Structures are given as structure tokens and as C-alpha cells.
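I opened this notebook to record what I looked up in the structure shown below.

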Amino acid sequence: MDAQLKRGLLDVCVLSAIKNDESYGYKIIKDMKPYLEMSESTLYTILKRLETAELLTVRTAEHDGRLRKYYKITKNGLKRIENFKEEWREVMSIYKFVSKESGNE
Amino acid sequence: MNKQEFLCEIRKGLKGLPEKDVEERISFYGEMIDDRMEEGKTEEQAVAETGTPDEIVSGIIADIPLSKIVKEKIRPKRSLKVWEITLFIFFSPILFSLLIAAIAVVFSLFTVLFSLAISLYAVDLAVAAASLYGLFSFVVISARGNPSVGAAFLGIAIFCIGAAILLFYGSNYVLKKFFVLLKNTALLFKRSVIGKEKMK
């Protein structure tokens, strides 16, 4: 897959994992696991990128006598998910056309 | 391997990167291990699931753009003294040309290797062409009433077809190895740049 495209997809994936409630690294990986396997290093890079782009915020809180980082989606992050869904509706209809015309192998 | 050793290995591998980045990464991986243990896994299991330090370090370094590493490396840790700058300017004609020469050597080395890989494809093409010629000769010579010589050409043609197919896979293999070598060299270069910085 095109690297740029994949990056965009993974970004939205991680944003969706924290869409309803703030979450932490391990939980994000676990929640995504049924759909895609993501390594810790990949997740770290994505979280960093999303934080810089102000699509999520980070806070450190104590949990069980140790520190844990929690990630929370921002308004811009929610907007990114909405944009993605809109874009992909178009992509899906193109895909349907392509499959139909090429005999859906 | 326990958590402490694991994080220590990563820290060692990332030596030379900005301290803040390294600490952030370390705490990230530490948190992952703690969360796995909270789920009931043993420390060893939790570490094993997170990956090997070597894999993680290679992945991290491969992700950082070379320009960032070089910038980080070039930025002086203290302001240079006047005599250092003077010396640098004085020797810059030599240093600069040495640098260019070094880059040229590495570049030409890879060019030679690359053309070697490509030339294999040319040989392959030639063998394939020879097989076509053999088939053609077989038909023409047999038609002219010389079947034994024709059969010899058929044999040559079949041999060439086999050789061409074999060579094609061989060439693919060599070309693939070339790109692996290129990638590894880049990684090695990055690692050496990072490594040197903090070794005082």
C-alpha cells in the first residue's frame, strides 16, 4: 500500500480508538487488535504525530502507584474522523464501480 | 530478560538521540510492560510480547529522517572558539574535498554493484534471445532436410530456455539483495552518526 495513504489510515484508526473515551497506549493496541496488529513503536510515532497536529491531547495521571499517559481526542481530531468517513464514502463508490467493471475477481 | 534490562538495552541503542526523546520512549515502553503485567502476565512474558530491544531500536532509527540526525549531530554542544573556526576555515578546502571524495567513492561503489545486478538481466536477455534463435534454426535446418543438425539446435534452444529462466530468478535475487544492502548501509550510517555523538 502507498505509504502516505497507509499513514492517513492508521492516524484515523488511532483517533477512532480514543473517540468515545480517553485511553492509554496498551488499551489502544488491544482495542485495535481484532482489526489490525500495530506494534508499540508504530503507535508511538502515530501518537506523537497526532499530538503535534493537535488532534489529541496527552495527560499524565497516576494509576496504581505508577504514571500512565492518557490520550484524549480534540475537536480537530473528531473533525478528521468525519472528513475521513466522507472521503471514503466516495472511495467506496469508486471501488464498487471498479469491481463491477473489472468483473470482480 | 526483565523490564530493567530491556529498557536499558533500548536506552543504550538510542544513545546520541536527544535525551528528552529517549526518556519519553523509555517511559512509553515501560508503561506498556506494566500494563501487560497488570493483565496477569509475568514480567518476562510482558517483555517478550513488547519485542526485542534490537528490533525496536532499528525501527526507531529507521523512522527518524537522516536530515534530523545530521542536524542534531552538527549542532555544536558549546560555542566554537575563534581559533577553532579559523582552523576550520583554513582547512575547509581540504576537508570539503575529502568529504566529496568519500561521498563519491561510496556512490560509485553502489553504482558498480547496481550495474552488476542490471548486467545480469542483460545476460539473461541474451540467453533468451539465443534460445529463440535455436528454435528458429531447428525449424529452418530441419525443413531443409538436415534433421540431426536441427535436433542439435533444438537441444541448444531448450538448454537456453532453462538457463534463461534460472538466470531470471538469479538476477531478481541479486537485485533484491542489492536493495537490502543499500538499506542496511543507510541504517549503519545512521547508527554510527548517532553512536559517536555521546561517546565522550
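My entries on this structure follow.

**Conventions.** I worked from a predicted model, in which local features need pLDDT of at least 70, side-chain atom pairs count only at pLDDT 80 or more, and totals for chains, interfaces and linings use all residues. Residues are numbered from 1 along each chain as its sequence is written, while chains are lettered from A and ligands numbered from 1 in the order in which they are written.

**Fold of chain A.** I looked up the secondary structure and found four helices and three strands in chain A. Helices (H or I, at least four residues) and strands (E, at least two) are DSSP runs, numbered from the N terminus. Along the sequence, the pattern of chain A reads α-β-α-α-β-β-α. I then looked up burial: of the 105 residues in chain A, 22% are buried. A residue is buried if 20 or more other C-beta atoms lie within 10 Å of its own, exposed if 12 or fewer, and partly exposed in between, with C-beta atoms placed from the backbone.

**Sheet.** I traced an open sheet of three strands in chain A, with the order β1-β3-β2 and antiparallel pairing. Its edge strands, β1 (23-24) and β2 (56-63) of chain A, each pair on one side only. Two strands pair if DSSP finds at least two bridges between them. β1(A) is joined to β3 (residues 66-73) of chain A by two bridges, and A:Ser23 stands opposite A:Tyr71. Between β2(A) and β3(A) I noted eight bridges. On that side, A:Tyr71 is the bridge partner of A:Val58, and A:Leu56 stands opposite A:Ile73. The hairpin of β2(A) and β3(A) has two residues between the strands, and A:Asp64 takes a positive phi near 55° there.

**Helix packing.** I checked α1 (residues 3-17) against α3 (residues 40-52) in chain A: they pack at an angle of about 85°, with their axes 10 Å apart. Axes are lines fitted to C-alpha atoms, for helices over the stretch in contact, and angles run from 0 to 180 degrees between N-to-C directions. α1(A) and α3(A) are therefore roughly perpendicular to each other, a label for angles of 65 to 115 degrees; under 35 counts as roughly parallel, over 145 as roughly antiparallel and the rest as oblique. Among the residues that meet are A:Val14 and A:Leu15 in α1(A) and A:Leu47 and A:Leu50 in α3(A). Contact requires C-beta atoms, placed from the backbone, to lie within 7 Å.

**Core.** Which residues have the most contacts inside the largest nonpolar core? I found A:Val14, A:Leu15 and A:Ile18, in a core of 29 residues. Such a core is a set of buried Ala, Val, Leu, Ile, Met, Phe, Trp, Tyr and Cys residues joined through C-beta atoms within 7 Å. Elements of both chains each supply at least two residues, including β3 of chain A and α4 of chain B. Leaving aside neighbours within four places in sequence, A:Leu15 is in contact with residues including A:Leu50, A:Leu55 and A:Ile73.

**Contact between chains.** I listed 14 residues from chain B and ten residues from chain A. On the side of chain B that touches chain A, α2(B) gives the largest share, eight residues.

Definitions and conventions. Two residues are in contact if their C-beta atoms, placed from the backbone, lie within 7 Å.
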